[in-house]
Amino acid sequence: MNKAKLIKRFKEVRDFSLEISSFLSDEDHQIQSMENASPVKWHLAHTTWFFETLILVAFDDSYKLFNAMMNSLYNSYYNSLGKLFPRSKRGLVTKPTLKEIIRYRKYVDEKALAFFEKTPLEGRLKYLLLLGLNHEQQHQELMLTDIKHGLFFNPLYPSLNISAVKVPEEQKPPNRQSSNRQSSGWLSVDEGVYHVGAEPDEDFYYDNEGPKHKVYLNSFKIADQVVTNGEYLAFMEKGGYDDALLWLSEGWDYLKKTKRKHPLYWVKQDNEWHQYTLSGLKKINPSDCLSHVNYYEASAYANWLGCRLPTEAEWEVAAKKTLSGDDPSDLEGNFAEKKTWQPHLEDSFQFFGNAWEWTSSAYSPYPGFKAEAGAVGEYNGKFMCNQYVLKGGSCATPKSHIRASYRNFFSAPSEWQFTSIRLCKVE
């Protein structure tokens with residue numbers, strides 16, 4: 001990626017964050033519904049802080065800070081870069097105002113573009129710029145999932161600017177669909193040695209995606225699509241949430257504590273199931289992609305059908321078989337740019353977009369993994385504990401952000417992200 005393309009991408013990524021922001025009221029920007037979610041206003045400021053701190057302050061001797069307080073307010077988890085403001089209290093920071101945050105973004109963008117024009121974008125600087133762009137794309141997804149979680153608690157079930165969000169039309173289930181997942185389509189993968197992980201010559205990948213290495217896999221079958229709402233509803237109606245034998249011990253404890261009997265955002269009205277979406281409350285479409293289930297629910301559902309969740313290596317190997325290369329950017333999947341911001345199955349063999357897919361793999365380092373030097377070394381490695389890997393991206397993930405080697409990770413109870421289930425079984 002040459003200098004002109006890097007600058008163009010910088011503008012596009014920064015503009016898309018503001019486009020998402022434009023669908024919200026000023027009040028919407030302030031919501032923080034739980035500790036794991038952050039106000040949209042915070043996301044806008046934090047991504048700006050990243051470029052200011054790790055690029056402008058580090059590389060441009062002439063740069064002057066917009067406001068020194070931004071470091072303590074909008075640093076997220078970089079302990080090596082200063083004191084952190086408590087994550088759980090981000091929603092209490094009403095000042096700086098949204099208008100001031102927008103001015104902050106404009107100031108940093110102008111300074112960054114002027115610096116990029118006069119500076120060779122190569123080596124460490126290029127890497128950090130690409131890291132910052134991918135980092136902001138992660139936060140674009142979080143902007144959508146965090147605001148969805150916040151708006152869900154409003155009994156009016158409000159939508160974003162409905163003229164901006166493209167609501168998918170309801171589709172009839174394809175002929176290959178079945179209420180019994182075991183008779184639906186499967187892809188077969190032969191036993192053998194495979195390569196997984198990022199290609200060394202890629203323009204960018206996160207440190208946790210490498211090094212590329214060999215894995216041995218026994219033969220297996222993997223479902224040609226994710227589980228649908230209708231298929232999961234059958235699990236619910238047949239007592240899936242009441243059968244302790246299906247659940248991990250920790251998952252069963254979670255059910256007893258939360259009294260959960262259905263996925264997050266499912267609401268029963270007039271004896272019919274509805275689902276909260278960013279375009280408001282909608283009737284459940286049985287043929288569409290299930291979303292917002294946690295690892296416990298994914299594992300229990302797989303057990304119910306005598307199946308299992310794929311490992312991350314199995315998922316990656318199978319997904320690559322559906323691509324011409326390692327890059328899904330040429331696919332017409334349901335990604336953030338479509339602005340449906342709701343999972344919507346379009347065809348089979350769709351491993352990318354719609355919803356992140358749980359794997360059974362613990363998030364741990366690959367053989368030979370080495371964290372990046374400096375503060376960015378805190379980005380991934382230090383979270384390799386008590387998390388599971390998810391693959392594939394979602395309807396809130398920018399298409400240029402995802403790769404077959406991409407390793408997302410969340411703890412088992414996490415469900416506010418667009419998360420789904422793809423089944424796997426022995427060949």
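**Cavities, pocket and packing**

Analyst: The second largest cavity has a volume of about 30 Å³, where a volume is the space filled by probe spheres set on grid points joined across faces, edges and corners. This is a predicted model, in which local features need pLDDT of at least 70 and side-chain atom pairs count only at pLDDT 80 or more, while totals for chains, interfaces and linings use all residues. Residues are numbered from 1 along each chain as its sequence is written, and side-chain values use heavy atoms, with hydrogens and water left out.

User: What makes a space a cavity or a pocket?

Analyst: On a 1 Å grid over the protein atoms alone, a cavity is a set of points where a 1.4 Å probe fits but cannot get out. A pocket is an open set with protein on both sides within 12 Å along at least five of seven lines. Lining residues have an atom within 4 Å of a point. By this rule there are two cavities of 30 Å³ or more.

User: Which residues line the second largest cavity?

Analyst: Its lining consists of Tyr127, Leu131, Tyr206, Asp207, Glu372, Val376, Tyr379 and Asn380. Five of the lining residues are nonpolar, one is polar and two are charged. Here Ala, Val, Leu, Ile, Met, Phe, Trp, Tyr, Cys and Pro count as nonpolar, Asp, Glu, Lys and Arg as charged, and the others, Gly among them, as polar.

User: What volume does the largest cavity have, and what lines it?

Analyst: The largest cavity has a volume of about 50 Å³. Gln30, Pro39, Lys41, Trp42, Leu73, Tyr74, Arg90 and Val93 line it.

User: What is known of the largest pocket?

Analyst: The largest pocket holds about 810 Å³ of space. Its lining has 33 residues, and Tyr77, Arg87, Leu142, Phe409 and Phe410 lie nearest its centre. Helix H2 (40–59), helix H5 (123–152) and strand E10 (408–410) each give two or more residues to this lining. Helices (H or I, at least four residues) and strands (E, at least two) are DSSP runs, numbered from the N terminus. H5 supplies the largest share, six residues.

User: How do the axes of H2 and H5 cross, and why is H2 described as it is relative to H5?

Analyst: The axes come within 9 Å and cross at roughly 175 degrees. Axes are lines fitted to C-alpha atoms, for helices over the stretch in contact, and angles run from 0 to 180 degrees between N-to-C directions. Angles under 35 degrees count as roughly parallel, over 145 as roughly antiparallel, 65 to 115 as roughly perpendicular and the rest as oblique. Therefore H2 is roughly antiparallel to H5.
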